[in-house]
Amino acid sequence: MKQLYTLLLALFTCSTVAFAQNNDLLLARQYAANGEQQKALDMYQKLFKQDSEGYYQQYFNTLLTFKKFDDAEGITKKMLRKYPNSNEYLIALGNVYTQQGNTAKADAIYGDLIKNLPADQNTIQLVASQFYQNANADYAIRIFLQGRKILHNDALFAFELINLYRYKRDKEGLTQEYLNFLPGNPAFINQAENTLASVFEGPEDYDMLKAAVLKKIQKEPQQLVYPALLTWQYLQQKQFDMALNQSLALSRRLNDDGTNVFELCRTLVANQAYDTAIRGYEYIIAKGGNKDNQIYISSKIELINTKNIKLTSGQYIQADLLSLEQDYLSLLNELGRNRSTAFAMQKLANLQAFNLHKLKEAQTLLERILTIQGVRPALLAACKLDLGDVYLLNNQPWDATLLYSQVEKDNPNTAIAQDAMLRNAKLAYYTGDFNWSRRQLDILKAATTQLIANDALNLSLLISDNLAADSSAKALKVYARADLLIFAGQTAKAMLTLDSIDKKFPGNALETDILMAKARIMIQQKAFTDAVVILKKIADEHAFDLWADDAVFMLGDIYETKLNDATLAKTYYQKIITDYPASLWINDARKRFRLLRGDKNDAS
C-alpha cells in the first residue's frame, strides 16, 4: 500500500510540474509576442534550467530574436560540453557567429563538420536538415553534395536538393539537378516543367535551360528526356517552329506513330500557331495510315479543323470557304460518316450553316450524327444544340426548342444544360416572347459559367429596360430580328435592320444596344479598327449604360489579341478594375492585366 501511495505521489508531482511548465511556456510565448523582452527571456531561462534539452531550442531562438548573442553562445557551448559530439549544437553555434557577423568563425565550424561527415546516409540527411532548420540552405546543399562524394552516388538526395534549389530560387542549380535526375526518372518530366516554370522569370532563364539541355544532348544523345525538355523550352519561348522541329526530329529517330507530335499540335492550335500545327499534322499523315489507324484518322480530321479555325479567324472570301467545305467532304468520303468522324461532321455542319448559309445540308448532316451509335455523350449533346440552332435559322422554332429542352433535361446541373437553357431563352427573345425569355434569363444570372451568366444578365436587362420604356416593345422586336440575323451570319441584312430602328421608332431606348450590335458585326467581319471606334463611343459617351463594361473589356481584348497593342489593352483592363468593380468581367480583366504587366503569378 505504501508503494502504491509513493507511485501515485510521484505521478501527481510529475503531472503538476509538467502542467506548470506548460503554463510557463505559454506565458513566455505571450511575453515574446507582446515585445516584453526581459520577461520572456526570464521565463525561458527558468524553463531551460528545469529541462535544458527540452527548452533549449525555444530559449535559443528567443535569444537570437532579441539579439542576445553572448547568452545564445553561452547556452550553446554549455550544451556542447554536455554533448560534445552533437552536430545540432555545433550548427547552432555557427548560426550565432553568423548573426554576429563573424562568418569566418562560423565557416570554420561548418568546414570541420563537412570534413568529418561520416559515410552514413541517415546522418547526412539529419545534418542537412539541421542546417535547413537554422535557415542555412547553402550549407544544407553543401552537406548533400559532400554526401554524394562520400557515398560515391550522384543520384542520392535528388529530391532534397531540388526542394532546396527551388527554395533558394537557384535557377541554375535547380536546372542542373533536374537534368541529372530526369534520365533515370523520366516520369517526373511534367513535375520538372511545372517547377521550372514557377521559378523562371524571363527569356534569360529559358535560354540558360536551352544551353544546359543542348550540352546534355551532346554528351548523352541516347537520352530521350532531353529532347522532350528542349521542346517544352521552345514552347515557353513561343518558338513554335523550333518546338515542332525538335518533336519531329525525335519522332523520326524513334520511328513512332507520331503521337507526341499530335499532342504538340493540339498545344500549337491552342496558341494560335496554326501554320506550324498544320505542318505537324501533315507530317503524321505523310507517314501513312488507314481507317484502323486512330492517330492517322485524328490527324486528318484535326488538319482540316485547324485550317477551318485559321481561315474563319481571319479575312477570307467565299472561294476559301468552299474549298474548306470540299476538304471536309473528301475526308468523310475517305473515312466514312461514323463515330470517329462525327466531330468533323459537326464542324462541316457549322461551316455550312453559319458561313456558307447552306442550312438544308447542315441540317441533314447534324441529323445524321444523331443516328450514329457510340458518339460521345458530350459531342452528341453539342450536335443537338447545333441542330437546334439550324432549326431556328430554318424557321422551325418548335423543333429547336424541343431539342434545347431535351439537352437541358438529359444533362442536369451541367454547363451544357445552362447553355441549352440560354439558347431556349434567346429563341423566345428572337420570336418576341420577351416575358418568358426574361424569366429564364433571370434564373441563368447565377450560372456557373461566367459567359452564360453575363449573356443572361445583359439580355435580361435589355428586355426589362425596353419593356419599361415601351410596353408594346415594337422597337425591341425589330432589334431582336437584327440580333437573329447577326447570329445567322447575315451581317448586311442585320445592319440594314438596325439602321431602320431609329427611322421607324424615333426616340427609342436602344441607342447603345444598336451601337453594340454594330460593333459585334464589325468584329464578325474582322473589321477590328471599325469596331474600336464604336466601342469607344459606348465607353466614352455611355459610361453608365448596360453595355459600358462590356465595351471596355472588348476594347482591351481587341487591343491585346487582334491589334497587338499591350499598352492600350492594359489601359482598358485597368479601367474595368477601377471603374467597374462589380462587372462580371472583373476577374478576367485582373488576370489579363497582370499577365500583360508581367506578373509572375497571375493569381496573386
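In which loop does Gly258 lie? Gly258 lies in the loop between α14 and α15 (259-270), where helices (H or I, at least four residues) and strands (E, at least two) are DSSP runs numbered from the N terminus. This is a predicted model, in which local features need pLDDT of at least 70 and side-chain atom pairs count only at pLDDT 80 or more, while totals for chains, interfaces and linings use all residues. Residues are numbered from 1 along each chain as its sequence is written, and side-chain values use heavy atoms, with hydrogens and water left out.

- Gly258 counts as buried because its relative accessibility is 0%. Buried means under 20% relative accessible area, exposed means over 50%, and partly exposed lies in between (1.4 Å probe, protein chains only).
- Gly258 touches Ser251, Ile284 and Lys287, not counting residues up to four places away in sequence. Contact here means heavy atoms within 4.5 Å.
- Gly258 and Tyr296 are 38 residues apart along the chain, and their C-alpha atoms are separated by 8.9 Å.
- Ser247 is found in helix α14 (residues 240-254). With 9% relative accessibility, Ser247 counts as buried.
- The residues that Ser247 touches are Thr231, Asn260, Val261 and Leu264, again leaving aside residues up to four places away in sequence.

**Salt bridges**

- The structure holds 18 salt bridges. A salt bridge is a side-chain nitrogen of Lys or Arg within 4 Å of a carboxyl oxygen of Asp or Glu.
- One of them joins the side chains of Asp138 and Lys168 (2.9 Å, N to O). This pair links distant parts of the chain, 30 residues apart: Asp138 is in helix α8 (residues 137-151) and Lys168 is in helix α9 (residues 158-168).
- Asp138 is partly exposed, with a relative accessible area of 44%. Lys168 is partly exposed, with a relative accessible area of 32%.
- The side chains of Asp389 and Arg423 also meet in a salt bridge (2.5 Å, N to O). Here too the pair links distant parts of the chain, with Asp389 in helix α21 (residues 377-393) and Arg423 in helix α23 (residues 415-430), 34 residues apart.
- Both Asp389 and Arg423 are buried.
- Lys216 is buried, with a relative accessible area of 16%, whereas Glu220 is partly exposed at 23%.

**Charged surface patches**

- Lys49, Lys78, Arg81 and Lys82 gather in a positive patch on the surface. Patches are made of residues with over 30% relative accessible area and no salt bridge; like charges are joined within 9 Å, and nonpolar side chains (Val, Leu, Ile, Met, Phe, Trp, Tyr) within 5 Å.
- In this count, Lys and Arg are positive and Asp and Glu are negative, while His and the chain ends are not counted. The place of a charge is taken as NZ of Lys, CZ of Arg, CG of Asp or CD of Glu.
- Accessible areas come from the Shrake-Rupley method with a 1.4 Å probe, and for residues only the protein chains shown count as cover.
- Helix α4 (residues 69-82) gives the most to the positive patch, with three residues. Lys82 is found in helix α4 and, at 48% relative accessibility, counts as partly exposed.
- Asp502, Glu511, Asp540 and Glu541 form a negative surface patch. Asp502 is found in helix α27 (residues 491-504), and its relative accessibility of 46% makes it count as partly exposed.

**Positive phi angles**

- Most residues other than glycine have a negative phi.
- Asn395 is not a glycine, yet it has a positive phi of about 65°. Asn395 lies in the loop between α21 and α22 (397-410).
- Is Asn395 buried or exposed? With 66% relative accessibility, Asn395 counts as exposed.
- Lys526, a residue other than glycine, has a positive phi near 65°. Lys526 is found in the loop between α28 (511-524) and α29 (528-541).
- Lys526 counts as buried because its relative accessibility is 16%.
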